[in-house]
Amino acid sequence: MNGIAMTDAEMRECAPGEALTLATVFLVFTVVILTVAAYKMFVAKGAKVTLPGGYHFEWTSAT
């Protein structure tokens, strides 16, 4: 095994829920940001959304 054994005191200090909490926060922020972007595009008569990574969406009304 390639590791260092933890003592009982070190194991008691370990908080196993940190990764799950961080993943949940990222998921919630992602859903909120995408929801706001979709709302902006569908409600506005003309809207432009630019996301990181070079993604660009443009919405124009037919009327």
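A residue is called buried when its relative accessible area is under 20%, exposed when it is over 50%, and partly exposed in between, using a 1.4 Å probe and protein chains only. The model shown is predicted, and local features need a pLDDT of at least 70, side-chain atom pairs count only at pLDDT 80 or more, and totals for chains, interfaces and linings use all residues. Residues are numbered from 1 along each chain as its sequence is written, and side-chain values use heavy atoms, with hydrogens and water left out.

**View 1. The whole chain and its order of elements.** The chain holds two helices and two strands, where helices (H or I, at least four residues) and strands (E, at least two) are DSSP runs numbered from the N terminus. Reading along the sequence gives the pattern α-α-β-β. The radius of gyration, taken over C-alpha atoms, is 22 Å, well over the 11 Å that the globule rule (2.2 Å times the number of residues to the power 0.38) gives for 63 residues, so the chain is more spread out than a compact globule. Its C-alpha trace spans about 70 × 20 × 10 Å along the principal axes, and buried residues make up 6% of the 63 residues.

View 2. Val 25, Phe 29 and Ile 33 form a nonpolar patch on the surface, and together they have about 290 Å² of accessible area, a value from the Shrake-Rupley method with a 1.4 Å probe, for which only the protein chains shown count as cover. Patch members have over 30% relative accessible area and no salt bridge, and nonpolar side chains (Val, Leu, Ile, Met, Phe, Trp, Tyr) are joined within 5 Å, whereas like charges are joined within 9 Å. A salt bridge is a side-chain nitrogen of Lys or Arg within 4 Å of a carboxyl oxygen of Asp or Glu. Ile 33 lies in helix H2 (residues 18-43), and this residue counts as exposed because its relative accessibility is 52%.

**View 3. Lys 40 in helix H2.** Lys 40 also has its place in helix H2, and with a relative accessible area of 43% this residue is partly exposed. Between Lys 40 and Leu 51, which are 11 residues apart in sequence, the distance from C-alpha to C-alpha is 13 Å.

**View 4. Gly 54 in the loop between the strands.** Gly 54 is found in the loop that lies between strand S1 (46-51) and strand S2 (55-60), and its relative accessibility of 66% makes Gly 54 count as exposed. The C-alpha atoms of Gly 54 and Glu 10 are separated by 44 Å, and these two residues are 44 residues apart along the chain.
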